[in-house]
There are 2 protein chains.
Amino acid sequence: MDIQLKRGLLDVCVLAAIKDSDSYGYKIIKDMKPYIALSESTLYTILKRLELAQMLTVRTAEHGGRLRKYYRITDRGLQRIADFQNEWNEMLSIYRFVTKEDAGNE
Amino acid sequence: MDIQLKRGLLDVCVLAAIKDSDSYGYKIIKDMKPYIALSESTLYTILKRLELAQMLTVRTAEHGGRLRKYYRITDRGLQRIADFQNEWNEMLSIYRFVTKEDAGNE
DNA sequence: ACGCAATACATCGTAACACGAAGTATACGG
DNA sequence: CCGTATACTTCGTGTTACGATGTATTGCGT
């Protein structure tokens with residue numbers, strides 16, 4: 001998928017990936033992979049950005065003798081997902097603009 | 001609309017704006033405005049990029065004693081629009097991933 | 001015991017890109 | 001003659017996705 005198109009989707013996708021239950025970096029990448037692939041460096045950048053925007057909180061916990069960072073979505077993060085649904089409607093209107101046939105063309 | 005979300009849409013929108021008949025900068029901006037707003041500096045950057053990618057051709061013509069650059073879409077540009085329809089399907093699947101309710105939540 | 005893949009997170013430099021600001025120049029209405 | 005619309009251009013900046021690279025631990029096969 002085109003990298004430019006991904007840009008607006010990635011943040012929301014990461015939020016969606018932790019929406020139902022806390023998750024951590026490696027798992028988020030795996031969960032998102034079937035829908036949208038992203039590299040580790042990208043993910044951790046996004047997670048930091050979302051934390052800064054207070055759309056998620058971080059908690060460090062031990063798992064199998066190793067430290068993991070668990071991410072939990074906040075109300076603000078949930079709101080971001082809700083906002084995305086509105087943006088989707090705008091995108092739909094743009095989609096129709098792009099794909100509309102010339103009048104009298106068919 | 002979120003700037004990141006716009007990024008993947010702008011190129012295709014500009015192509016769509018000149019698809020049915022040749023157009024020029026100022027008019028393209030006006031035609032797109034109801035769907036997606038963009039500044040002049042952005043538009044001319046995009047037009048240059050699309051020309052480089054051979055998705056449109058440029059022709060300078062006089063109009064009312066003033067020079068105008070008219071842009072015409074090429075086959076490659078039309079193909080880009082067709083490709084966008086496939087990308088849209090990918091986006092739809094991402095949209096469903098983002099907005100799906102937790103199983104057993106309702 | 002040793003190596004190697006998988007797990008897990010972090011940092012750095014780069015290139016693409018949208019935008020505001022500012023500039024240039026002409027047409028036209030009041 | 002002045003302001004607004006038209007029309008295109010250039011420059012600097014901030015955001016961002018990514019590859020490359022590094023660090024460290026677990027667990028499995030042999």
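## Basis of the model

Because this is a predicted model, local features need pLDDT of at least 70 and side-chain atom pairs count only at pLDDT 80 or more, while totals for chains, interfaces and linings use all residues. Residues are numbered from 1 along each chain as its sequence is written, chains are lettered from A and ligands numbered from 1 in the order in which they are written, and side-chain values use heavy atoms, with hydrogens and water left out.

## The surface near DNA strand C

DNA strand C is surrounded by 25 residues, of which the closest are Arg66(A), Arg68(A), Lys69(A), Lys6(B) and Arg66(B); a residue is near a strand if one of its heavy atoms lies within 4 Å of it. Of the atoms of DNA strand C that come within 4 Å of the protein, 67% belong to sugar and phosphate. By class, this surface holds ten charged, eight polar and seven nonpolar residues, where Ala, Val, Leu, Ile, Met, Phe, Trp, Tyr, Cys and Pro count as nonpolar, Asp, Glu, Lys and Arg as charged, and the others, Gly among them, as polar. At least two residues each come from helix 2 (25-32), helix 3 (40-52) and strand 3 (66-73) of chain A, and from helix 1 and helix 3 (40-52) of chain B; helices (H or I, at least four residues) and strands (E, at least two) are DSSP runs, numbered from the N terminus.

Phosphate oxygens of DNA strand C lie 2.6 Å from a side-chain N or O atom of Lys69(A) and 3.3 Å from a backbone N or O atom of Tyr26(A).

Two side chains approach the bases: a polar side-chain atom of Arg66(A) lies 2.7 Å from a base oxygen of DNA strand D, and an N or O atom in the side chain of Glu40(B) is 2.7 Å from a base nitrogen. On the backbone side, an N or O atom of Gly25(B) lies 3.1 Å from a phosphate oxygen of DNA strand D. Two or more residues of this surface are given by each of helix 1 (3-19) and helix 3 of chain A, and helix 2, helix 3 and strand 3 of chain B.

In helix 2 (residues 25-32) of chain B, the residues Gly25(B), Ile28(B), Ile29(B) and Met32(B) are buried, meaning under 20% relative accessible area, whereas exposed means over 50% and partly exposed in between (1.4 Å probe, protein chains only). Seen down the axis, these buried residues fall within an arc of 100°, so they line one face of helix 2 of chain B; the arc is that of the directions from the helix axis to the C-beta atoms. Their cover includes helix 4 (75-99) of chain A, together with helix 1, strand 1 (23-24), helix 3 and strand 3 (66-73) of chain B.

Helix 3 of chain B buries Leu43(B), Ile46(B), Leu47(B) and Leu50(B), which cover an arc of only 100° around the axis and therefore lie on the same side of the helix. These buried residues pack against helix 1, helix 2, strand 2 (56-63) and strand 3 of chain B, while the face turned away from them carries the exposed residues Ser41(B), Lys48(B) and Leu52(B). Just after this helix, Gln54(B) takes a positive phi of about 55°.

## Buried polar and charged residues

Asp11(B), in helix 1 (residues 3-19) of chain B, is buried with a relative accessible area of 16%. Its side chain is joined to that of Arg49(B) by a polar contact of 2.7 Å (a pair of N or O atoms within 3.5 Å; within protein, one must be able to donate a hydrogen and the other to accept it, and residues adjacent in sequence count only if both atoms are side-chain atoms). Not counting residues up to four places away in sequence, Asp11(B) touches Ile46(B), Arg49(B) and Leu50(B), contact meaning heavy atoms within 4.5 Å.

Arg80(B), in helix 4 (residues 75-99) of chain B, is buried with a relative accessible area of 15%, and residues up to four places away aside, Arg80(B) touches Asp2(A), Gly8(B), Val12(B), Leu15(B), Met55(B) and Glu87(B).
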